[in-house]
Amino acid sequence: MTEPRHAAPDEEQPQVVVNDRRRIDPETGEVRASADATTEEEGAAPVEDAPVVAEIVDEVAAELKTQLDERTADLQRLTAEYANYRKRVERDREAVINNAKASVAAELLSVLDDVERAAAHGDLTGAFKAVADKLVSTLQKTGLEPFAHEGEAFDPSVHEAVQHSTSRDVDGPTVTAVLRRGYRFGDKLVRPALVAVTDHEPAAAPQAEES
(Lines give C-alpha, C1' and ligand atoms only; values in the text may rest on other atoms or scores of the structure.)
Protein backbone atom coordinates (compact mmCIF):
# COMPACT_ATOMS: atom_id res chain seq x y z
CA MET A 1 0.00 0.00 0.00
CA THR A 2 1.35 3.34 -1.09
CA GLU A 3 1.41 6.06 1.49
CA PRO A 4 0.23 9.59 0.57
CA ARG A 5 2.89 12.02 -0.32
CA HIS A 6 3.23 15.00 1.99
CA ALA A 7 4.77 18.22 0.77
CA ALA A 8 7.91 19.30 2.34
CA PRO A 9 7.71 22.25 4.67
CA ASP A 10 9.69 24.46 2.29
CA GLU A 11 7.86 23.37 -0.93
CA GLU A 12 5.73 26.20 -2.58
CA GLN A 13 1.99 25.46 -2.59
CA PRO A 14 -0.10 26.13 -5.79
CA GLN A 15 -2.10 29.42 -5.63
CA VAL A 16 -5.87 29.12 -5.87
CA VAL A 17 -7.68 31.96 -7.78
CA VAL A 18 -11.39 32.57 -7.10
CA ASN A 19 -13.34 34.67 -9.64
CA ASP A 20 -16.29 36.51 -8.12
CA ARG A 21 -18.96 36.57 -10.84
CA ARG A 22 -21.67 38.12 -8.74
CA ARG A 23 -23.38 41.08 -10.50
CA ILE A 24 -23.90 42.94 -7.22
CA ASP A 25 -20.87 44.03 -5.26
CA PRO A 26 -21.46 42.68 -1.72
CA GLU A 27 -19.48 45.53 -0.17
CA THR A 28 -20.90 48.55 -2.09
CA GLY A 29 -24.23 47.16 -3.28
CA GLU A 30 -23.66 48.57 -6.80
CA VAL A 31 -24.08 46.71 -10.07
CA ARG A 32 -20.77 45.58 -11.46
CA ALA A 33 -19.89 46.19 -15.12
CA SER A 34 -20.06 43.15 -17.35
CA ALA A 35 -16.67 41.77 -18.21
CA ASP A 36 -17.86 40.79 -21.68
CA ALA A 37 -19.20 44.31 -22.35
CA THR A 38 -15.96 45.85 -21.16
CA THR A 39 -14.01 43.53 -23.43
CA GLU A 40 -16.20 44.41 -26.43
CA GLU A 41 -15.83 48.14 -25.79
CA GLU A 42 -12.09 47.85 -25.42
CA GLY A 43 -11.78 45.71 -28.54
CA ALA A 44 -14.31 47.60 -30.73
CA ALA A 45 -12.93 48.64 -34.07
CA PRO A 46 -13.33 52.25 -35.21
CA VAL A 47 -16.32 52.98 -37.48
CA GLU A 48 -15.17 53.11 -41.08
CA ASP A 49 -18.58 53.29 -42.88
CA ALA A 50 -19.50 56.91 -41.90
CA PRO A 51 -19.64 58.09 -45.59
CA VAL A 52 -22.15 55.34 -46.38
CA VAL A 53 -24.33 56.39 -43.45
CA ALA A 54 -24.18 60.03 -44.55
CA GLU A 55 -25.22 59.04 -48.08
CA ILE A 56 -28.20 57.09 -46.74
CA VAL A 57 -29.23 60.08 -44.59
CA ASP A 58 -29.04 62.39 -47.63
CA GLU A 59 -31.20 60.00 -49.70
CA VAL A 60 -33.81 59.78 -46.95
CA ALA A 61 -33.84 63.58 -46.55
CA ALA A 62 -34.27 64.04 -50.33
CA GLU A 63 -37.15 61.55 -50.37
CA LEU A 64 -38.85 63.30 -47.46
CA LYS A 65 -38.45 66.68 -49.20
CA THR A 66 -39.98 65.28 -52.39
CA GLN A 67 -42.95 63.92 -50.46
CA LEU A 68 -43.35 67.24 -48.64
CA ASP A 69 -43.31 69.16 -51.93
CA GLU A 70 -45.93 66.81 -53.38
CA ARG A 71 -48.19 67.17 -50.35
CA THR A 72 -47.77 70.96 -50.45
CA ALA A 73 -48.71 71.02 -54.14
CA ASP A 74 -51.75 68.83 -53.43
CA LEU A 75 -52.84 71.16 -50.64
CA GLN A 76 -52.45 74.24 -52.84
CA ARG A 77 -54.44 72.57 -55.62
CA LEU A 78 -57.23 71.61 -53.23
CA THR A 79 -57.30 75.13 -51.80
CA ALA A 80 -57.60 76.63 -55.29
CA GLU A 81 -60.32 74.15 -56.26
CA TYR A 82 -62.27 74.94 -53.10
CA ALA A 83 -61.98 78.69 -53.73
CA ASN A 84 -63.23 78.22 -57.30
CA TYR A 85 -66.06 76.04 -56.00
CA ARG A 86 -67.14 78.72 -53.55
CA LYS A 87 -67.08 81.37 -56.29
CA ARG A 88 -69.13 79.13 -58.60
CA VAL A 89 -71.66 78.43 -55.86
CA GLU A 90 -71.92 82.15 -55.09
CA ARG A 91 -72.45 82.97 -58.79
CA ASP A 92 -75.11 80.27 -59.09
CA ARG A 93 -76.84 81.52 -55.95
CA GLU A 94 -76.89 85.09 -57.26
CA ALA A 95 -78.17 83.89 -60.63
CA VAL A 96 -81.03 82.00 -58.97
CA ILE A 97 -81.96 85.05 -56.88
CA ASN A 98 -81.83 87.39 -59.89
CA ASN A 99 -83.91 85.01 -62.01
CA ALA A 100 -86.51 84.80 -59.26
CA LYS A 101 -86.64 88.60 -59.00
CA ALA A 102 -86.89 88.96 -62.77
CA SER A 103 -89.76 86.45 -62.88
CA VAL A 104 -91.70 88.36 -60.24
CA ALA A 105 -91.01 91.68 -61.96
CA ALA A 106 -92.14 90.27 -65.32
CA GLU A 107 -95.53 89.45 -63.79
CA LEU A 108 -95.94 93.11 -62.80
CA LEU A 109 -95.01 94.66 -66.14
CA SER A 110 -98.63 94.93 -67.21
CA VAL A 111 -99.31 96.90 -64.03
CA LEU A 112 -96.43 99.23 -64.86
CA ASP A 113 -97.86 99.69 -68.37
CA ASP A 114 -101.21 100.73 -66.87
CA VAL A 115 -99.44 103.13 -64.52
CA GLU A 116 -97.51 104.70 -67.41
CA ARG A 117 -100.66 105.10 -69.55
CA ALA A 118 -102.53 106.63 -66.63
CA ALA A 119 -99.70 109.09 -66.06
CA ALA A 120 -99.68 110.01 -69.77
CA HIS A 121 -103.42 110.81 -69.61
CA GLY A 122 -103.17 112.74 -66.37
CA ASP A 123 -105.18 110.18 -64.41
CA LEU A 124 -102.36 109.34 -61.98
CA THR A 125 -103.26 111.51 -58.97
CA GLY A 126 -103.86 111.32 -55.23
CA ALA A 127 -103.48 108.08 -53.33
CA PHE A 128 -103.29 106.09 -56.55
CA LYS A 129 -100.21 108.07 -57.61
CA ALA A 130 -98.54 107.49 -54.23
CA VAL A 131 -99.07 103.73 -54.49
CA ALA A 132 -97.89 103.67 -58.12
CA ASP A 133 -94.76 105.64 -57.30
CA LYS A 134 -93.95 103.28 -54.44
CA LEU A 135 -94.44 100.24 -56.68
CA VAL A 136 -92.17 101.64 -59.39
CA SER A 137 -89.52 102.64 -56.84
CA THR A 138 -89.55 99.20 -55.18
CA LEU A 139 -89.17 97.36 -58.49
CA GLN A 140 -86.33 99.61 -59.58
CA LYS A 141 -84.52 99.02 -56.29
CA THR A 142 -84.64 95.27 -56.90
CA GLY A 143 -82.84 95.84 -60.23
CA LEU A 144 -85.64 96.31 -62.78
CA GLU A 145 -84.64 98.99 -65.28
CA PRO A 146 -86.90 100.52 -67.98
CA PHE A 147 -85.41 101.49 -71.33
CA ALA A 148 -86.33 102.86 -74.79
CA HIS A 149 -86.63 106.57 -75.40
CA GLU A 150 -87.38 108.62 -78.47
CA GLY A 151 -84.30 109.72 -80.36
CA GLU A 152 -82.02 106.83 -79.39
CA ALA A 153 -80.45 104.55 -81.97
CA PHE A 154 -82.43 101.48 -82.91
CA ASP A 155 -80.96 98.27 -81.43
CA PRO A 156 -82.61 95.08 -82.74
CA SER A 157 -81.34 93.11 -79.71
CA VAL A 158 -83.57 95.11 -77.34
CA HIS A 159 -86.02 96.93 -79.65
CA GLU A 160 -88.86 95.39 -81.61
CA ALA A 161 -89.84 97.57 -84.57
CA VAL A 162 -93.60 97.58 -85.24
CA GLN A 163 -93.66 100.72 -87.42
CA HIS A 164 -91.24 101.90 -90.04
CA SER A 165 -90.72 105.16 -91.91
CA THR A 166 -87.99 107.22 -93.56
CA SER A 167 -86.83 110.79 -93.07
CA ARG A 168 -83.98 113.06 -94.04
CA ASP A 169 -83.82 114.31 -90.45
CA VAL A 170 -82.09 111.16 -89.12
CA ASP A 171 -78.69 109.74 -89.98
CA GLY A 172 -79.61 106.10 -89.39
CA PRO A 173 -82.26 103.82 -87.87
CA THR A 174 -83.68 105.85 -84.99
CA VAL A 175 -86.44 105.24 -82.44
CA THR A 176 -89.01 107.95 -83.13
CA ALA A 177 -91.85 106.60 -80.95
CA VAL A 178 -92.06 104.21 -77.97
CA LEU A 179 -95.27 102.20 -78.10
CA ARG A 180 -94.40 100.01 -75.10
CA ARG A 181 -91.55 100.44 -72.66
CA GLY A 182 -88.90 97.72 -72.50
CA TYR A 183 -87.40 96.36 -69.27
CA ARG A 184 -84.18 94.63 -68.30
CA PHE A 185 -83.03 93.11 -65.04
CA GLY A 186 -79.29 93.51 -64.76
CA ASP A 187 -77.88 91.95 -67.94
CA LYS A 188 -81.05 89.94 -68.58
CA LEU A 189 -83.64 91.23 -71.03
CA VAL A 190 -87.08 90.89 -69.43
CA ARG A 191 -89.09 92.41 -72.28
CA PRO A 192 -88.10 94.14 -75.51
CA ALA A 193 -89.48 97.58 -76.27
CA LEU A 194 -92.04 98.08 -79.02
CA VAL A 195 -90.95 101.07 -81.07
CA ALA A 196 -91.47 102.96 -84.30
CA VAL A 197 -88.28 103.24 -86.34
CA THR A 198 -87.31 105.88 -88.85
CA ASP A 199 -84.54 105.25 -91.36
CA HIS A 200 -82.49 107.87 -93.16
CA GLU A 201 -83.98 108.92 -96.47
CA PRO A 202 -81.30 109.84 -98.99
CA ALA A 203 -81.71 113.05 -100.98
CA ALA A 204 -83.26 112.66 -104.39
CA ALA A 205 -80.82 112.75 -107.30
CA PRO A 206 -81.08 115.99 -109.34
CA GLN A 207 -82.97 115.55 -112.60
CA ALA A 208 -81.16 116.32 -115.84
CA GLU A 209 -82.52 119.35 -117.77
CA GLU A 210 -84.17 118.58 -121.13
CA SER A 211 -82.53 120.23 -124.14
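How many residues does helix α4 have, and how far does α4 reach from its first C-alpha to its last? Some friendly notes follow.

1. Before the details, a word on the basis: this is a predicted model, in which local features need pLDDT of at least 70, side-chain atom pairs count only at pLDDT 80 or more, and totals for chains, interfaces and linings use all residues. Residues are numbered from 1 along each chain as its sequence is written, and side-chain values use heavy atoms, with hydrogens and water left out.

2. Helix α4 covers residues 126-142, which gives 17 residues, and spans 25 Å between its end C-alpha atoms, close to the expected 24 Å. That expectation is 1.5 Å times one less than the number of residues. Helices here are DSSP runs of H or I with at least four residues, strands are runs of E with at least two, and both are numbered from the N terminus. After α4 comes Gly143, with a positive phi near 120°.

3. Do look at how α4 meets helix α3 (residues 109-120): the two axes come within 11 Å and cross at roughly 130°. Axes are lines fitted to C-alpha atoms, for helices over the stretch in contact, with angles from 0 to 180 degrees between N-to-C directions. The pair is therefore oblique, the term for what remains once angles under 35 degrees (roughly parallel), over 145 (roughly antiparallel) and 65 to 115 (roughly perpendicular) are set aside.

4. Which residues make this contact (heavy atoms within 4.5 Å)? From α3 come Val111, Leu112, Val115 and Ala118, and from α4 Phe128, Ala132, Leu135, Val136 and Leu139. By class, the contact has 9 nonpolar residues, no polar and no charged ones; Ala, Val, Leu, Ile, Met, Phe, Trp, Tyr, Cys and Pro count as nonpolar, Asp, Glu, Lys and Arg as charged, and the others, Gly among them, as polar.

5. Now the sheet: 3 strands form an open, antiparallel arrangement in the order β1-β4-β5. β1 (144-147) and β5 (188-191) are the edge strands with a single partner each, so one side of each has no neighbour in the sheet. The average twist from one strand to the next is 35°.

6. Strands pair if DSSP finds at least two bridges between them. β1 and β4 are joined by 4 bridges, while β4 (residues 182-185) and β5 share 3. Phe185 is worth a look, as the bridge partner of Leu144 and also of Lys188 in β5. In the β4-β5 hairpin, with 2 residues between the strands, Gly186 has a positive phi near 65°.

7. Finally, helix α2 (residues 50-107) lies across β1, β4 and β5, and runs at about 15° to β5.

How values were computed: Contact = heavy atoms within 4.5 Å.
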